Amino acid sequence: MTQRWVIGSGSLFEERIGYARAVVDGDRVHVSGTTGFDYADMTISDDVVEQAEQCLRNIGAALEEAGAGFADVVRVRYLLPVREDFEPCWPVLRKYFGEVRPAATMLVCGLADPRMRIEIEVEARRGSGGTPPSIG
């Protein structure tokens with residue numbers, strides 16, 4: 001039988017809405033759409049690039065708890081309310097995914113809170129990656 005468990009981040013949104021930051025189902029890790037909130041103090045930067053970096057720190061924490069890393073990511077989705085905000089984020093995204101090269105999609109859509117300028121969702125397969133890219 002496949003082992004399944006959920007991972008929380010401490011985000012107030014998870015409790016209020018009723019979802020988990022990530023769900024581990026066997027070797028698959030599904031990380032929910034993650035925004036640039038720092039969940040320790042529920043603050044968010046006004047800068048889209050800083051939000052993208054925080055999104056990826058939040059995602060990295062969920063992946064680590066799941067026994068995975070960025071090298072295991074096979075799919076990423078970027079959601080932004082403003083199309084022009086995407087290109088400034090490319091260097092941050094390349095830092096995390098440039099060597100991994102997951103399948104990717106970018107969508108322009110409204111987000112739940114007007115302070116949110118980017119949301120990122122990933123899917124990973126534990127043990128599928130090689131050496132994780134160095135992040136720093």
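Author: A residue counts as buried under 20% relative accessible area, as exposed over 50%, and as partly exposed in between. The model is a predicted one. At 25% relative accessibility, Cys109 is therefore partly exposed. Cys89, with a relative accessible area of 0%, is buried.

Cys89 also belongs to the contact of two helices, as one of the H3 residues that meet H2. Helix H2 spans residues 48-65 and helix H3 residues 86-97; their axes lie 8 Å apart, and the packing angle is about 20°. Because angles under 35 degrees count as roughly parallel, H2 is roughly parallel to H3. The crossing in which H2 passes H3 is right-handed.

On the H2 side, the contact is made by Val48, Val49, Ala52, Glu53, Leu56 and Arg57. Facing them in H3 are Pro88, Cys89, Val92, Leu93, Lys95, Tyr96 and Phe97. Sorted by type, the residues of this contact are 10 nonpolar and 3 charged, with no polar ones.

Now to the sulfurs. A disulfide requires a pair of cysteine sulfur atoms within 2.5 Å, and by this rule the count is 0 disulfides. For Cys89, which is in no disulfide, the nearest cysteine sulfur is that of Cys55, 8.3 Å away. Cys109 is in no disulfide either; its nearest cysteine sulfur is that of Cys55, at 12 Å.

Key: Residues numbered from 1 in each chain as written. Predicted model: local features only at pLDDT ≥ 70, side-chain atom pairs only at ≥ 80, totals over all residues. Heavy atoms only, no water. Axes fitted to C-alpha atoms, helices over the stretch in contact; angles between N-to-C directions. Helix = DSSP H or I, 4+ residues; strand = E, 2+ residues; numbered from the N terminus. Parallel < 35°, antiparallel > 145°, perpendicular 65-115°, else oblique. Left-handed = near helix turned anticlockwise from the far one by under 90°. Contact = heavy atoms within 4.5 Å. Nonpolar A, V, L, I, M, F, W, Y, C, P; charged D, E, K, R; others polar. Buried < 20%, exposed > 50% of the residue type's maximum accessible area, 1.4 Å probe, protein only.
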